[in-house]
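Me: I'm new to reading protein models and would like to understand the words used for them. Could you go through some with me?

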Amino acid sequence: MYLTQALKRTVQIDGRGVATLCAGRVRTWNECGERVAKLAGALRQLGITGGERVAVLALNSDRYFEYFYAVPWAGGVFVPVNIRLAAPEVAFWLNDSGTEVLFIDDNFLDMLGALEGQLETVRDVVYMGDGPTPEGMHNYEAILAAEDPVPDALRCGDDLAGLFYTGGTTGRSKGVMLSHTNLICNSYNVIGGMHFRPGIRWLHAAPMFHIADGLAVFGVTMVTGVHIFIPGFTPEDSLRTIEEHKVTHGLFVPTMMNALVNHPNIKKFDLSSLKSVAYGASPMPEAVIRRAMEVIPNCEFTHAYGQTECAPLSTHTGPEYHVFEGPNAGKYKAAGRAALGVEVQICDEDGNEMPRGEVGEVCVRGPNVMLGYWNQPELTAAAIRDGWMRSGDGGYMDEDGFVYIVDRVKDMIISGGENIYSAEVEDILHQFGAVAEAAVIGIPDAKWGEQVHAIVRLREGETVDAETIIAHCHERIAGFKCPKAITFRDEPMPLSGAGKILKTELRKPYWEGQEKQVN
């Protein structure tokens with residue numbers, strides 16, 4: 001199995017079909033295939049021949065897409081860098097991975113100044129933008145044009161394809177080693193689970209550095225689809241692009257979906273082309289998915305669950321379960337059942353499978369599970385035990401094999417000996433009409449150990465007091481689960497590059513000076 005096979009097949013059977021649409025540039029699969037082979041030649045001239053690392057720090061684009069294929073074609077390993085990192089974190093990723101060539105666009109040129117003198121292994125920088133090439137850099141289009149297409153290096157199977165780093169917000173980031181087999185098996189699972197078909201038109205709105213969008217980079221290519229790029233997600237740009245380019249498929253994490261379906265001008269756009277949307281990365285509040293089904297009624301929704309270490313898909317809940325009546329009602333809340341090539345178990349701390357309905361840790365086994373963490377064998381051994389990837393997510397499995405994620409294990413709140421899963425409380429808060437965003441965390445409490453605390457951003461123009469929202473919660477969930485207090489904020493929640501709310505940042509003021517982050 002090798003990633004570049006899909007590109008070569010698509011060029012062979014649909015060479016004249018449209019491959020990429022970006023910033024007014026339209027390229028066919030014939031053109032895309034030739035450009036990838038020529039860019040691979042340029043990379044070989046820069047010394048990328050047998051497993052060397054090539055990083056990219058850029059917003060979404062057709063050139064980013066070509067990078068994903070040219071690097072393995074040349075014989076290298078791609079390292080997509082989180083666009084939300086600070087300069088010291090970027091330096092760590094590049095040095096830790098041993099990156100030799102860095103691709104960068106206009107949006108991050110200023111960061112290079114902050115990185116001066118900190119990069120230990122980067123030898124060459126390739127400028128991906130359209131402006132004048134900064135001094136000392138190679139121009140993307142120039143080095144591509146100067147080369148003839150080169151033969152594929154045919155890296156395959158368990159050869160390392162990419163390093164996808166996780167973390168970067170606390171502690172040391174971990175480089176997740178994904179092989180060609182990992183990524184291809186994931187693509188097969190995605191094609192089946194998300195109903196990819198020839199000719200689909202995928203909107204790359206989620207950041208391309210994240211493995212969640214990577215499932216489309218490779219899967220859409222496999223089915224001869226069309227890749228449509230916007231630099232990054234904004235509701236207005238996404239809606240406009242869906243209408244203009246007749247987008248049929250896309251992926252939106254819950255924070256993106258919330259902003260999209262509640263955009264005040266959503267009804268001004270023709271979204272009738274949109275046939276299938278996947279969502280994941282964190283739990284989707286019921287109010288948001290109901291709103292999405294209301295404003296895009298002809299679109300099917302799939303809840304995808306996974307993690308970078310699993311390349312990433314592990315389970316999914318299809319559109320047939322996104323209903324509110326009948327025998328399948330309520331199943332949409334599940335992360336889903338195991339993808340075709342994946343085994344899933346709910347285990348206790350010792351790796352024993354838990355009875356159905358009891359909460360434990362979600363564990364995954366299959367050809368999608370990573371090779372390990374880059375240069376961190378001890379962490380690898382702790383994460384993968386007897387072939388099972390310990391996800392770190394708390395959940396349970398029902399009698400039908402549906403997995404329900406109750407929370408990230410580390411986000412669980414223990415108050416008075418009771419386990420409280422913040423995702424459940426957040427779902428209730430989102431059902432209150434005035435709430436735009438909500439995050440629930442545990443804060444120290446002298447009597448109970450920890451107490452439930454909510455951080456809420458209201459919709460523009462709304463006013464409501466904390467007591468009213470807390471009363472709303474008491475009407476719907478047990479009293480010990482309800483927030484004891486609410487902090488209101490005007491600005492959006494802090495987000496990771498993948499669109500997840502950074503609870504570590506929200507917790508900091510409450511745990512400052514504490515020896516431990518649990519109480």
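Reply: Happy to! Let's start with exposure: buried means under 20% relative accessible area, exposed means over 50%, and partly exposed is in between. Keep in mind that this is a predicted model.

Me: Why is Arg 123 called partly exposed?

Reply: Arg 123 has 44% relative accessibility. That value falls between 20% and 50%, so Arg 123 counts as partly exposed.

Me: What makes Arg 123 and Glu 100 a salt bridge?

Reply: The cut-off is a side-chain nitrogen of Lys or Arg within 4 Å of a carboxyl oxygen of Asp or Glu. Here the closest N and O atoms are 2.6 Å apart, so the pair qualifies. Arg 123 sits in the loop between helix 5 and strand 6, while Glu 100 is in strand 5, 23 residues apart.

Me: How do you know whether Glu 361 is buried or exposed?

Reply: Glu 361 has a relative accessible area of 17%. Because this is under 20%, Glu 361 is buried.

Me: And why is Arg 390 called what it is, buried or exposed?

Reply: Its relative accessible area is 9%, again under 20%, so Arg 390 is buried.

Me: How many salt bridges does the rule give?

Reply: The count comes to 27 salt bridges.

How values were computed
Residues are numbered from 1 along each chain as its sequence is written. This is a predicted model: local features need pLDDT of at least 70, side-chain atom pairs count only at pLDDT 80 or more; totals for chains, interfaces and linings use all residues. Side-chain values use heavy atoms; hydrogens and water are left out. Helices (H or I, at least four residues) and strands (E, at least two) are DSSP runs, numbered from the N terminus. Buried means under 20% relative accessible area, exposed over 50%, partly exposed in between (1.4 Å probe, protein chains only).
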